[in-house]
Amino acid sequence: MNNTIDLAGEWDFQLDPQDCGIAYGWFNRALEQRIRLPGSLQAQGFGDDITLNTRWIGDIVDRAYFAEDRYAPYRQAGNIKVPFWLQPDKHYRGAAWYQRAIDIPDAWRGRRITLALERPHWETRVWLDNRHAGANNSLSTPHVYDFGCDVAPGRHYITVRVSNEMIVDVGQNAHSVSEHTQTNWNGIVGSIALAAGSPVFIDDVQVYPDAQRKTARVRVQLANALVQEATVSVSLAAALVNANRSHHPAPVSTQAHVAASGNAIEIDYLLGDEAATWDEFAPALYTLTVSITGSVDGRTIDDTKVVRFGLREVGVIGTQLAINGRPIFIRGTLECAIFPRTGHPPTDVESWKRVIGVAKAHGLNHLRFHSWCPPEAAFIAGDEMGFYFQVECAAWANQGATIGEGRPLDRWLYEEAHRIVRAYGNHPSFIMMAYGNEPAGRDRDFLAKWVSYWRGFDPRRLHTGGAGWPILAENDYHNIPEPRIQGWGQELRSRINAKPPETTTDYSDWVQRLNKPIVSHEIGQWCVYPNFDEIEKYTGPVKAKNFEIFRDSLNANHMGDQAHDFLRASGKLQVLCYKEDIESALRTPGFAGFHLLDLHDFPGQGTALVGVLDPFWEEKGYVTPAEYSRFCNSTVLLARMPKRIWQTGEMFSADLDIAHFGPEPLKNVIIDWSLVSADGVVAAQGELGAADIPIGNGTRIGHIEVALDGFAPARQYALVTSIRDAHIENDWDIWVFADDVDLRAPGDVLIVDALDDAAMARLVQGGKVLLMLPPAGVKVDSVIGFSSVFWNTSWTKMRPSTHTAKPSIGQAPHTLGILCNPNHAAFAEFPTESHSNWQWWELIHGAAAMTLNHMPPALRPLVQPIDTWFENRRLGLLFEARVNGGKLVVCSMDLQSDLDRRIVARQMLHSLLGYMASDAFAPQVEVDAGAIRAL
């Protein structure tokens, strides 16, 4: 007998924007339109066009910005474009009704009939004919409706009302509901099915594995729709899957009493010494088949439930997390329900295997589901691929959605967490859990009780109060914003912007002070310039209208042809920033892990282009997974260098470390090292003797010293280390400069700090002038720092920079690194690529970006900071021009002070003066002297 009916297909349908359907009994009338389920109504062309009055969820920060004059062309009728997130073709917020006829087979007579809706969004109410079957407001788990055992065979009608209003205030930016990522869609996706089953049935099975004893405690919840006591036979049978061998533990059976109201039984299942454990390296799984049989007054009881589990225990060893007694290191990224091709999460396993496969290729082992919980398919994929998850209860309690103050959210969170644990608690990939993201309100007391409750209720995973904060004694681990190389509000005071580059800093003080595992929260947030080629990828219900605005702005400022160069140059800086963030965590002994924000772009909240991958989990072209996984992996070689800038009279030194979190310690490994020039010539090399490497991070493996007196100066080199015969390698750029360089100005070059009469006279005579503008005197519209933009300048615009007299948009820096042409003669004696690298730190630190919008469009700076895509100002740190018949170079980097110790600035000045003395110095673009003075 077929016990299920698939309800996928055409349904009758009607929007209910006035929310009058319940009052007027729409469950008892024919609906007027047709739609396909599973699916969302917006993706099928239903809903409203976007207007200035669209009722978005989560736009408090953005509306005022959208009112600025620059966006006036996009506010015209028929041309509304939202600059802050991906824009849906259609928008609808309210109730919608879905209805279809069903035919109950005669064979289902007397059977218990249920309707399961895998992933609705959001609240559902269901009617069978004109009988109300209940309501469900879970954002995370299937909505299941019990129609009972008395549904007569024949034709019936199922009506489902779905509302995507804010049913419970989970926070307008929670990724379970916000417009910013999956969109606030309305509909039902995944499986939609009617099922018939035994009136006495298995309501739930939860498995509590004990990896040390090789057993599993199985809790079976028995339910009874007959309201009549029964006795049943219960059998358990397990089988090993997802492994390269077979194992069938001996089945277990017992008799059980079923109360009229139902009850639970617990059975200890001995798996045996052959049992296989589950982890990221060997994700062995067991299928457990639980069956009950019996009869009551001649009615057959026959029900089976199959679940999967892994024999794994997650715990804490010292200040680190552990799986089955072995320390692990969390290398995670966020998953914020970003699925632009559908506008909602996928419910098929293959889609999730693709996402996890991409993450694994970049060296990650973890996904944090930020303020949402994924469908069953994600857990199945994570189980089979050996991936770890942090799941959250679909909430981001901010901006009114506070917790601990008696609001409906408080109760809903417990209800939702219970639903999540019931639906997904057996999955071994589900190792960490939080209430949600960045709580607000009286959160400490609420979350202390929350963690205590869940640690007692379900010890199969580790618990923390909130992602972000607070630090609680009850936490199994702290998921906190610190430590990191730049935090919110630090701006130019952060380590990466305020301190010269080195690779020695770690977070040992944090580990010692908190003495509990720290998984740092949302580290990175380093932005890259938009990839406008990405626009054509948006073939689903949302479009990249924001990118169209940014592209128009770049074109209007005469830099449209530089878009790809901006992408690549800013991308190289982004990778450099992420490398230092990740390695700082890896080289800290006892550190537990990190959550990146992000491996892929976050398209909302002002458009946060923080990923080396786009929202489709696809590469952007400036770093490969193989390159990324050199510094982010289960085994990573590390170097502690006191600085990256050296002189030929010095002795280069570095301590070599390793972070190793593989399946077992490494035995008798040999470490090779070399110093290699940019053109591939090995300048020095050596090896460290064979050693054993334990599980852990920050393990010292050796020290190297190299005299630099034989190194060619003004060159870039790389320290490369590798494990012999293991395909594990990492590298770090350094620069070697001469102890002294000639800084005498050529006789025909006048150096000034203002375009004064002497300078003008020299130019009128056809001479050469180097104008060194003091950075403090430059009119600044865009504040430059070494790092890339943090998060984005729209979302942070309420935090004006404190580093200039003129208010600025967003946290500083507002720039995404620099772009230059390394083959230009100005850099003949200065080692550089086309993008920022660590040698530029000294030059950019304290510099001022000149705004060149008022100059001829043909003028391209020799050193061009890349501005935030919201402004797209043409900026310069160094440019040349013809002025009044003469040749002028203008520089707003400090190339004058402390040159005895600022050896990079000294080298840049040497190279620039050599260029100006040569025949290659021939500026092509004429600029008015008044435009120069306007700087």
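A: **A sheet and its surroundings**

Four strands make up an open sheet, in the order S16-S15-S18-S19, and they pair in the antiparallel sense. Its edges are strand S16 (252-258) and strand S19 (299-309), which have a single partner strand each, so one side of each has no neighbour in the sheet. From one strand to the next, the twist averages 20°, where the axes are lines fitted to C-alpha atoms (for helices over the stretch in contact) and angles run from 0 to 180 degrees between N-to-C directions. Helices (H or I, at least four residues) and strands (E, at least two) are DSSP runs, numbered from the N terminus, and two strands pair if DSSP finds at least two bridges between them.

This is a predicted model, in which local features need pLDDT of at least 70 and side-chain atom pairs count only at pLDDT 80 or more, while totals for chains, interfaces and linings use all residues. Residues are numbered from 1 along each chain as its sequence is written, and side-chain values use heavy atoms, with hydrogens and water left out.

Within the sheet, seven bridges pair strand S15 (residues 230-241) with S16 in the antiparallel sense.

Helix H3 (residues 376-385) has seven of its 10 residues buried, so the rest of the structure largely encloses it; buried means under 20% relative accessible area, exposed over 50%, and partly exposed in between (1.4 Å probe, protein chains only). The buried residues of H3 are Ala377, Ala378, Phe379, Ala381, Gly382, Asp383 and Glu384. They pack against two strands of the sheet, strand S18 (285-296) and S19, and also against helix H2 (349-361), strand S25 (388-392), H4 and strand S26 (430-434). Contact means heavy atoms within 4.5 Å. Just after H3, Gly386 takes a positive phi of about 70°.

H4 leads on to another helix. Helix H4 (residues 408-424) packs with helix H5 (residues 443-457) at an angle of about 25°, and their axes are 12 Å apart. H4 and H5 are therefore roughly parallel to each other, since angles under 35 degrees count as roughly parallel, over 145 as roughly antiparallel, 65 to 115 as roughly perpendicular and the rest as oblique. Their crossing is right-handed, a term used if the near helix is turned clockwise from the far one by less than a right angle, whereas anticlockwise makes a crossing left-handed. On the H4 side the meeting residues are Asp410, Leu413, Tyr414, Ala417, His418 and Val421, and on the H5 side they are Phe446, Lys449, Trp450, Tyr453, Trp454 and Phe457.

Two of these residues, Leu413 and Trp450, belong to the largest nonpolar core, which has 168 residues; together with Leu409, Tyr628, Trp840 and Leu895 they touch the most other members. Helix H9 (residues 563-586) gives the most to this core, with 12 residues. A nonpolar core is a set of buried Ala, Val, Leu, Ile, Met, Phe, Trp, Tyr and Cys residues joined through side-chain atoms within 4.5 Å. Neighbours within four places in sequence aside, Leu413 is in contact with Cys393, Ala395, Ile403, Tyr435, Phe446 and Trp450.

In soluble globular proteins, nonpolar side chains tend to be buried together.

For contrast with the antiparallel pairing in the sheet, consider strand S30 (residues 593-597), where five of the five residues are buried, so the strand is largely enclosed by the rest of the structure. Gly593, His595 and Leu597 point one way, and Phe594 and Leu596 the other. Strand S23 (residues 330-335) pairs with S30 in the parallel sense over four bridges, and Arg331 has Phe594 as its bridge partner there. Strand S28 (residues 519-524) also runs parallel to S30, joined by four bridges, with Gly524 opposite Leu597.
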